[in-house]
Amino acid sequence: MKIALMDSGIGLLAAAAAMRRLRPDADLVISSDPDGMPWGPRTPADLTERAVAVARAAAAHRPEALIVACNTASVHTLPTLRAELEPAIPVIGTVPAIKPAAAAGGRVAIWATPATTGSPYQRGLIRDFAAGVPVTEVPCPGLADAVEHVNEEAVVRAVAAAAALTPPDVTDVVLGCTHYELVEDTIRAALAERTGGAELVFHGSAEPVAVQALRRIGARPEPGLPRTGGLTVLLSGRPSLLPAAALGYAEGRLLVGENAPVA
């Protein structure tokens with residue numbers, strides 16, 4: 001089994017690690033775009049051009065499925081990617097977990113990039129899946145960038161600023177950018193101070209999107225299998241080693257295992 005994942009940067013680590021845990025036997029191809037990142041500020045047309053190039057690089061390795069492990073790319077490029085690759089390679093997008101967060105009927109906060117916060121896309125998801133539920137959209141300027149560059153001080157500052165905008169009575173938190181899942185512990189700690197230690201439920205997309213990819217190819221999670229899956233890394237189409245920055249996160253360390261070479 002071979003599964004590909006794509007993103008502008010290391011935000012794909014969360015979904016890749018989830019897939020590694022669910023199917024230790026799967027070969028993973030991770031394709032990112034350090035030459036073109038960040039994708040967020042790009043026009044939709046420009047972003048789509050970059051994403052198609054990254055997807056084609058991954059598709060050349062003949063995966064059984066491709067996960068678009070990026071919320072921004074999923075919003076703007078899924079139709080184009082699917083038109084090019086399907087049905088030969090199913091393309092699975094990443095959607096903020098607003099529906100399951102709202103299902104409990106509590107108070108929901110959606111942490112997302114400034115570009116996504118208040119966007120017609122996110123407002124549509126809120127309208128469709130969270131009608132009647134109190135929802136606060138929380139912009140997180142600089143957080144994805146800080147995570148990408150493993151800048152712990154900048155992460156702490158960005159998280160603190162977003163926590164200050166989060167209502168203290170919130171019950172559920174949607175991590176609406178794949179990068180945010182890499183620093184969930186930092187976010188939890190900041191919100192625990194904000195909410196007086198209340199037990200919050202966090203909703204990410206990494207594991208759900210991995211499960212959906214397996215479902216699309218007729219497979220199922222089998223976490224007990226031996227870890228025999230390999231790892232292929234593509235940086236703007238070039239074969240490479242996993243960037244050293246990825247080892248700043250548990251998800252990156254899980255992917256490479258012990259004593260694996262990194263760039």
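1. Helix axes here are lines fitted to C-alpha atoms over the stretch in contact, and angles run from 0 to 180 degrees between N-to-C directions. Helices are DSSP runs (H or I, at least four residues), numbered from the N terminus.

2. The model is predicted: local features need pLDDT of at least 70, side-chain atom pairs count only at pLDDT 80 or more, and totals for chains, interfaces and linings use all residues. Residues are numbered from 1 along each chain as its sequence is written, and side-chain values use heavy atoms, without hydrogens and water.

3. Helix α2 (residues 44–59) packs on helix α3 (residues 71–85) at an angle of about 55°, the axes being 9 Å apart. Residues in contact (heavy atoms within 4.5 Å) include L47 and A51 of α2 and H76 and L81 of α3.

4. Helix α7 (residues 152–164) and helix α8 (residues 184–194) pack at about 40°, with axes 9 Å apart; α7 and α8 are therefore oblique as well. V155, V156, V159, A163 and A164 of α7 meet T186, I187, A190, L191 and R194 of α8.

5. The largest nonpolar core has 55 residues, of which I67, W111, L143, Y180 and I187 touch the most other members. Such a core joins buried (under 20% relative accessible area, 1.4 Å probe, protein chains only) Ala, Val, Leu, Ile, Met, Phe, Trp, Tyr and Cys residues through side-chain atoms within 4.5 Å. Helix α1 (residues 13–22) gives this core its largest share, seven residues.

6. A second, separate core of 22 residues includes W39, A58, C70 and A73.

How values were computed. Buried < 20%, exposed > 50% of the residue type's maximum accessible area, 1.4 Å probe, protein only. Helix = DSSP H or I, 4+ residues; strand = E, 2+ residues; numbered from the N terminus. Parallel < 35°, antiparallel > 145°, perpendicular 65-115°, else oblique.
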